[in-house]
Amino acid sequence: QVQLVESGGGLVQAGDSLRLSCVASGRTFSTGWFRQAPGKEREFVAAVTWLGTNTYYADSVKGRFTISRDNAKITVYLQMNSLKPEDTAVYYCAASRRVWTIEENEYDYWGQGTQVTVSS
């Protein structure tokens, strides 16, 4: 059983940075971050393969967010820089048994989410 725990959310001002962490209890081949803003559907943010060799980002966060794994492949991070009010959302860590995917319906395990609020 894979369990995911997110942390690192908070309230910041536009232009600030946050670093989200996702700790996975079991091996997964790929891990992604998704977010859901009020009144919006959940959307893909970023994904990384188990080895951390491949990453992919939504256009809305390219150049600002960075996804990475630690050396032990236990924790996945989402470094968020130059935050904008439109980044405000609940951020979810998700894990997939697939080698690589950015498709929400191909993720098998989900964390509880962590709130990120960016004020203007």
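User: Why does Asp87 count as buried?

Analyst: Asp87 has a relative accessibility of 1%. Buried means under 20% relative accessible area, exposed means over 50%, and partly exposed lies in between (1.4 Å probe, protein chains only). The value of 1% is under the cut-off, so Asp87 is buried. This is a predicted model in which local features need pLDDT of at least 70 and side-chain atom pairs count only at pLDDT 80 or more, while totals for chains, interfaces and linings use all residues. Residues are numbered from 1 along each chain as its sequence is written, and side-chain values use heavy atoms, with hydrogens and water left out.

User: Where is Asp87 found, and what does Asp87 touch?

Analyst: Asp87 is in the loop between β8 (75–80) and β9. Strands (E, at least two residues) and helices (H or I, at least four) are DSSP runs, numbered from the N terminus. Not counting residues up to four places away in sequence, Asp87 touches Arg35, Arg64, Phe65, Ser82, Val116 and Val118. Contact here means heavy atoms within 4.5 Å.

User: Which residues are linked with Asp87 in a network of salt bridges?

Analyst: The network links Asp87 with Arg35, Glu43 and Arg64. A salt bridge is a side-chain nitrogen of Lys or Arg within 4 Å of a carboxyl oxygen of Asp or Glu. By this rule the count comes to 7 salt bridges.

User: What makes the pair Arg35 and Glu43 a salt bridge?

Analyst: The N to O distance between the side chains of Arg35 and Glu43 is 2.7 Å. That value falls within the limit, so the pair qualifies. Arg35 is buried because its relative accessible area is 5%, whereas Glu43, at 36%, counts as partly exposed.

User: How do you know that Lys62 forms a salt bridge with Asp59, and why is Asp59 called exposed?

Analyst: The closest N and O atoms of Lys62 and Asp59 are 3.1 Å apart, so the pair meets the rule. Asp59 has a relative accessible area of 63% and is therefore exposed. Lys62, at 46%, is partly exposed.

User: What does the salt bridge of Asp108 with Arg97 tie together?

Analyst: The closest N and O atoms of Asp108 and Arg97 are 3.1 Å apart. Both Asp108 and Arg97 lie in the loop between β9 and β10, so the pair ties together parts that are 11 residues apart in sequence. Asp108 is partly exposed at 31%, while Arg97 counts as exposed at 56%.

User: What makes Cys22 and Cys93 a disulfide?

Analyst: Their sulfur atoms are 1.9 Å apart. A disulfide is a pair of cysteine sulfur atoms within 2.5 Å, so Cys22 and Cys93 qualify. By this rule the count comes to 1 disulfide. Cys22 in strand β3 (residues 18–24) and Cys93 in strand β9 are 71 residues apart, and the pair links distant parts of the chain.

User: Why does Ala47 count as buried?

Analyst: The relative accessibility of Ala47 is 0%, so Ala47 is classed as buried. Ala47 sits in strand β5 (residues 43–49). Leaving aside neighbours within four places in sequence, the contacts of Ala47 include Thr31, Tyr56, Ile67 and Trp100.

User: How do you know that the radius of gyration of the protein chain agrees with a compact globule?

Analyst: With 120 residues, a compact globule would have a radius of gyration near 14 Å, and the protein chain has 13 Å, which agrees. The radius is taken over C-alpha atoms, and the globule rule is 2.2 Å times the number of residues to the power 0.38. The protein chain has 0 helices and 11 strands, and 42% of its 120 residues count as buried.
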